[in-house]
Amino acid sequence: MTEESKYDGVDRITAQWHAVRPDLDTSPMDVIGRLSRASRLLEAGIKENLTAHGVEPWEFDVLATLLRSGPPYVLSAGELSSAAMVSSAALTNRIDHLVRKDLVERAVDPTHRRRVLISLTDTGRDLTHRLVEHHLAGEERQLAGLTTAERHLLTDLLRRVLLTLGDHDEDPKRR
């Protein structure tokens, strides 16, 4: 790493604050500023990778949610809305779009007529299997500057931040 490249944009911002208000502890800004900037840069990289494969991030999110649900790759609209963290209105538009592309199918649940089931088509399943490989390869490139041990440490630290912020879930191993 060159002398020039060991500083990031947050260093400039906190240095400016130190010059104007040396009495302030800007260490929270060091963390949150970097998390925010990293999030934007990571999302831009993910979008670039997926659109290079003809898929928008929201399309991948819906398709991947169905695939990771496991065979037969079917979720109710409510389950999919909850898992994809989108409103039912937004999900309806997304499903309409994916149905037109022959990536998902919509059907009425035969056991509960008011419930709608969304499933991957064979085309959608095959595409999603390919996309997840490209997606993970892109994420691998984005994290290339970290060792395996650093990734584990960062994972643990970010989990603690999320838990502190109230992002709790059941034990994923029990699902």
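The legends below describe close-up views of a predicted model.

**View 1. The largest pocket and the residues that line it**. In this predicted model, the largest pocket holds about 2,200 Å³ of space. Its lining is made up of 45 residues, and those lying nearest the centre of the pocket are Ala38, Leu42, Leu143, Leu154 and Leu158. Two or more lining residues are given by each of helix 2 (27–51), helix 3 (57–68), helix 4 (77–84), helix 6 (122–142) and helix 7 (148–164). Helix 2 provides the largest share of this lining, with 13 residues. Sorted by class, the lining residues of the largest pocket comprise 24 that are nonpolar, 15 that are charged and 6 that are polar.

**View 2. Thr26 in the loop between helix 1 and helix 2**. Thr26 is placed in the loop that lies between helix 1 (9–20) and helix 2, and Thr26 has a relative accessible area of 5%, so it counts as buried under the 20% cut-off. The side chain of Thr26 makes a polar contact of 3.0 Å with the side chain of His18. When residues up to four places away in sequence are not counted, Thr26 touches Thr14, Trp17 and His18.

**View 3. Asp109 in the loop between strand 2 and strand 3**. The loop that holds Asp109 runs between strand 2 (104–108) and strand 3 (116–120). With a relative accessible area of 5%, Asp109 is buried. A polar contact links the side chain of Asp109 to that of Thr111, at 2.7 Å, and, once neighbours within four places in sequence are left aside, Asp109 is in contact with Arg115 and Leu117.

**View 4. Helix 7 and the glycine that follows it**. Gly166, which follows helix 7, has a positive phi, near 95 degrees. Helix 7 is also among the elements that give two or more residues to the lining of the largest pocket.

**View 5. Gly9 in helix 1, shown together with Ser119**. Gly9 is found in helix 1, and a relative accessible area of 15% makes this residue buried, because that value is under 20%. Along the chain, Gly9 and Ser119 are 110 residues apart, and a distance of 44 Å separates their C-alpha atoms.

How values were computed. Residues numbered from 1 in each chain as written. Predicted model: local features only at pLDDT ≥ 70, side-chain atom pairs only at ≥ 80, totals over all residues. Heavy atoms only, no water. 1 Å grid on protein atoms, 1.4 Å probe; cavity = no way out; pocket = protein on both sides within 12 Å on 5 of 7 lines; lining within 4 Å. Points joined across faces, edges and corners; volume = space filled by probe spheres on them. Helix = DSSP H or I, 4+ residues; strand = E, 2+ residues; numbered from the N terminus. Nonpolar A, V, L, I, M, F, W, Y, C, P; charged D, E, K, R; others polar. Buried < 20%, exposed > 50% of the residue type's maximum accessible area, 1.4 Å probe, protein only. Polar contact = N/O pair within 3.5 Å; in protein donor to acceptor, adjacent residues only side chain to side chain. Contact = heavy atoms within 4.5 Å.
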